[in-house]
2 protein chains.
Amino acid sequence: VSARAGIVITGTEVLSGIIADRNGPWLSERLRERGVELAHIAIVADRREDMAAALRFLASERVDLIVTSGGLGPTADDLTTEVVAEFAGRAMVLDEALEQRIAAIVAPLAERWPNIDREAMARGTRKQAHVPEGATVLEPVGTAPGVVVPPLDGAADDGLPTVVVLPGPPRELQPMWRTALETDAFRAAVAGATVYEQAILRLMGIPESEIAETLRVAERSGVDLAPLEITTCLRRGEIEIATLYEPAAADVYAAFADFVRSRHAAQLFSDDGTTIDEQVAALLSGPPPRTVAVAESCTGGLLAARLTDRPGSSAYVLGGATVYSNAAKVALAGVDPALISQFGAVSAEVADALADGALGGFGADVGIGVTGIAGPGGGTPEKPVGRVHVAVAEAGPGGRRIARRLDLPGSRPDVRDRTTTVALHLLRRLLRGEVDDA
Amino acid sequence: VSARAGIVITGTEVLSGIIADRNGPWLSERLRERGVELAHIAIVADRREDMAAALRFLASERVDLIVTSGGLGPTADDLTTEVVAEFAGRAMVLDEALEQRIAAIVAPLAERWPNIDREAMARGTRKQAHVPEGATVLEPVGTAPGVVVPPLDGAADDGLPTVVVLPGPPRELQPMWRTALETDAFRAAVAGATVYEQAILRLMGIPESEIAETLRVAERSGVDLAPLEITTCLRRGEIEIATLYEPAAADVYAAFADFVRSRHAAQLFSDDGTTIDEQVAALLSGPPPRTVAVAESCTGGLLAARLTDRPGSSAYVLGGATVYSNAAKVALAGVDPALISQFGAVSAEVADALADGALGGFGADVGIGVTGIAGPGGGTPEKPVGRVHVAVAEAGPGGRRIARRLDLPGSRPDVRDRTTTVALHLLRRLLRGEVDDA
């Protein structure tokens, strides 16, 4: 192993289970991509002695790099930078230029709070502008700067690791991590680590056990999997096959990808890293450009929210109707009340009518209708919790349609989320002009 | 502190970020309920030396109790019990009665797999029936037994902690934890632990630095904060003040809560642990029961999705219109096109009209209108990215209304998410009949 690392997640709220940590798993994947082996993730409260103990433990495990998340805020219980400085044997010094840059960031925020205590704010800013002497400052993404703290040259204990100190919010941590990678201090810490290639295959409509079998058959057919580190995982209803390999094994990976491609031609939808959301956005953007609208019941707005999650989606999303009540299905999505009384609100017929309603109501090129039972209540023996109907329809005479009846496992959030994934996949098929082979 | 614990989560998939750990947060809450302070959660791979290092680290931190999860399966890479035995200085011994009980559990499972290797199965069963000498066995919930391993009496190092060894699957770990609580070995480890109280105050419309100042002022005013472990955190635009305290300090906490209550009367919305989502759901459920509908633009369905996130929400959410295009605002939410051309789609006037459109279109008791610029594009000097208008309106003549213009910081997902929080807070005010003091 060329380089070894530890992660310290700080935060009483994370340790106590109030907030779920997203940074540990994310950083773990990023380290693996850089060829750095992760030894431990330590989760500690915002307590000085516990944070220091975790740093000392990782150092005693001879890691080359420690990445911390959290504890960079303006208040006194945000201790990370200070504890790391002490660990590294470096004094905390005020970076006045940094103080001014932080002040410039928070000034417009303060405008909104006429009664704000400006002195407290200035104290917070000054606190955040204190950094370990000799550390490389990582510019704030939110308001808090990060730092990369190299070991002291010629220190008594030469074996101390470099520490990368990052903020807790993932939207700040993730861009700042990329900045940290470019620093000399980071490069020195992981010098010699092999940078791995990572490639991802995504499949829809296949059980995870089937992929385990595919790996076995591939090996029996003479595909050499030894140089590939393959992990498969089920994510939001899709199967992801993530493979790490050294650049020299690119041909081996290509042979493996070809094998999966030919064995699962109908299920493989991405071999270039793109997600279903990205593919749908690209198809809608065109050419030819097409617009979409939705009429959804059990997903309650989640499908529209997922489609509008992307910057620029206003170019192709006209809107959606969340039609939870039957009256709303009739009034807003133009569903014939007779359909509801004959087939029930959760039926293929109503999903179809909702797709048509989305087309008509918004004047869209493609409409999506969703109706189902997300649970935990509302199920019956004939229509159990998890039963969902999804329909996508093209505008105009002879417009094509695709529809599915689903019986989804899991809890209410699972059923709702999984349904949006299926809807995006049906939308993709329709937009690509694929025939419905259901 | 009367008892202190550490948690060791084992599993290469968890460490590498492929599987999200659910046991750490769950055990953390259970420990807190028992008055046991959690010092660290360590996540380690299924590697003997890393697991042993994590145990030694926690022992060096003088914890009284270690809880492990995972690594109890029948295969050779399931190492936890063995590593813990070595850590505790106890030999591994075969428990023949346990072996027979495990064999009885797995026999019917084997029936389903005609090609199963029965010798390998028997080897696995025998492996799982090896336990540290003197440990208390926790009967299998799935197929794997757990153990509670007390420190050796009169051992050289008397300070070693008791170790509770639990399986990885949460559906096995959780019932087994309750069994472990009843063992003498567990009781001895946490003897004398004080069961702490936890209380949470939630505030909206206040910067985090202001809370830091409030803590300082409270102390200066003679409120004794020393017996309280206070952490503050900014979450989805709200401030959470979580406090842990011993039952004897209940009066101190009450004085602190009163101080916050009087200083931030307008901002404090929860002192009983309830979230804004729960409060809104309770207010809508009644009495009197009221229905809600939304017409949203920049949040693109997220507000409807958040309202329908809760089981049973179909009782009070009639639905929503995601009106991204101007044409949809007119057609689905009945917005007068003249308003859009005169004031622009992002304006107080259009937010008001959207709220009215939600009322009318769905026949709801309360309507919410949202329009804004989530970014990253679409901003202008007059209407920058982050500008959002939210309006809530009551049905009927003389129906009350509350509206806000917001300038929200952050990225597109931040602006969208924060807007849903503000909308819920305005909805709460309206439902409570509070006057608008904007």
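# A tour of salt bridges, cores and the A–B interface

Begin at E139(B), which is partly exposed because its relative accessible area is 37%; buried here means under 20% relative accessible area, exposed over 50% and partly exposed in between, with a 1.4 Å probe and protein chains only. The model is predicted, so local features need pLDDT of at least 70 and side-chain atom pairs count only at pLDDT 80 or more, while totals for chains, interfaces and linings use all residues. Residues are numbered from 1 along each chain as its sequence is written, chains are lettered from A and ligands numbered from 1 in the order in which they are written, and side-chain values use heavy atoms, with hydrogens and water left out.

**Stop 1: salt bridges within a chain**

The term denotes a side-chain nitrogen of Lys or Arg within 4 Å of a carboxyl oxygen of Asp or Glu. E139(B) lies in the loop between β6 (136-138) and β7 (146-149) of chain B and R101(B) in helix α5 (residues 96-111) of chain B, so the pair ties together parts that are 38 residues apart in sequence. Helices (H or I, at least four residues) and strands (E, at least two) are DSSP runs, numbered from the N terminus. R101(B) is partly exposed, at 33% relative accessibility.

Next select R235(B) and E240(B), whose side chains form a salt bridge of 2.8 Å, N to O. R235(B) is partly exposed, with a relative accessible area of 23%, whereas E240(B) is buried at 4%.

Now move to chain A and select R216(A) with E213(A); the closest N and O atoms of this salt bridge are 2.9 Å apart. Both residues lie in helix α9 (residues 208-220) of chain A, three residues apart, about one turn of the helix. R216(A) is partly exposed at 46% relative accessibility, and E213(A) is partly exposed at 29%. Over all chains, the structure holds 53 salt bridges.

**Stop 2: the nonpolar cores**

Select I66(A) and I66(B), the residues with the most contacts inside the largest nonpolar core, which has 65 residues. Such a core is a set of buried Ala, Val, Leu, Ile, Met, Phe, Trp, Tyr and Cys residues joined through side-chain atoms within 4.5 Å. Helix α3 (residues 48-60) of chain B supplies the largest share of this core, eight residues. Leaving aside neighbours within four places in sequence, the contacts of I66(A) (heavy atoms within 4.5 Å) include V8(A), L55(A), L58(A), F87(A) and V163(A). A second, separate core of 59 residues can be located through L15(A), I43(A), L138(A) and I9(B), which are among its members.

**Stop 3: the interface of chain B and chain A**

Display both chains: 78 residues from chain B and 72 residues from chain A take part in the contact. The buried area, that is, the accessible area (1.4 Å probe) that two parts lose on being put together, summed over both, is about 5,500 Å², of which carbon and sulfur atoms give 55%. Eight salt bridges are found across this interface. For a further salt bridge, select R4(A) and D50(B), whose closest N and O atoms are 3.1 Å apart. On the side of chain B that touches chain A, strand β2 (residues 37-44) of chain B gives the largest share, eight residues.

Finally, select R47(A), D50(A), R4(B), E37(B), E61(B) and E229(B), which are linked in a network of salt bridges.
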